[in-house]
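Below are some notes for a colleague who has asked for a careful reading of this model. Please keep the sequence and the structure open while going through the points.

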Amino acid sequence: MPNPKQPNPDNRFNNVERLHDMIENTQKKLQEAEVSMEFASPEEREMIKNKNERRKQSIKAMKEEMIEEMDARKNGEI
């Protein structure tokens, strides 16, 4: 039985695929939010714009991480 206080081992085997799914989900949410802005109040539009900017930053960071993971996979680190 594993010790509940020990962290799980780092399993990077499926990170590229997991990151790809996360990017797709975030892009979908970004697009849905853009559509919802048509029906939003000015305050809600501002909140959606700000959240979408954060989503864009997250997508960029996830893409960079995905590239790093692909490079690690090519180099036999994973």
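The numbered points below take up the basis of the model, its core, its salt bridges and its surface.

1. This is a predicted model, in which local features need pLDDT of at least 70 and side-chain atom pairs count only at pLDDT 80 or more, while totals for chains, interfaces and linings use all residues. Residues are numbered from 1 along each chain as its sequence is written, and side-chain values use heavy atoms, with hydrogens and water left out.

2. The largest nonpolar core has seven residues, namely V16, L19, I23, L30, I59, M62 and M66. Helices α1 (15-36) and α2 each supply at least two residues of this core, and α1 gives the most, with four residues. A nonpolar core here is a set of buried Ala, Val, Leu, Ile, Met, Phe, Trp, Tyr and Cys residues joined through side-chain atoms within 4.5 Å; buried means under 20% relative accessible area, exposed over 50%, and partly exposed in between (1.4 Å probe, protein chains only). Helices are DSSP runs of H or I with at least four residues, numbered from the N terminus.

3. The structure holds two salt bridges, each defined as a side-chain nitrogen of Lys or Arg within 4 Å of a carboxyl oxygen of Asp or Glu. In one of them E17 pairs with R73, with the closest N and O atoms 3.0 Å apart. Because E17 lies in helix α1 and R73 in helix α2, this pair ties together parts that are 56 residues apart in sequence. E17 is partly exposed at a relative accessible area of 40%, and R73 is likewise partly exposed at 34%.

4. K56 and E53 also meet through their side chains in a salt bridge, at 3.6 Å from N to O. Both residues lie in helix α2, three residues apart, which is about one turn of the helix. K56 counts as partly exposed at 41% relative accessibility, and E53 is partly exposed at 43%.

5. On the surface, E64, E65, E68, D71 and E77 gather in a patch of negative charge. Such a patch is made of residues with over 30% relative accessible area and no salt bridge, like charges being joined within 9 Å. D71 is found in helix α2 (residues 42-74) and is partly exposed, with a relative accessible area of 38%.

6. N14 is found in the segment before α1 and counts as partly exposed at 38% relative accessibility. N14 and I78 are 64 residues apart in sequence, and their C-alpha atoms are 9.6 Å apart in space.

Technical notes
Patches are made of residues with over 30% relative accessible area and no salt bridge: like charges are joined within 9 Å, nonpolar side chains (Val, Leu, Ile, Met, Phe, Trp, Tyr) within 5 Å. Accessible areas come from the Shrake-Rupley method with a 1.4 Å probe; for residues, only the protein chains shown count as cover. Lys and Arg count as positive and Asp and Glu as negative; His and the chain ends are not counted. The place of a charge is taken as NZ of Lys, CZ of Arg, CG of Asp or CD of Glu.
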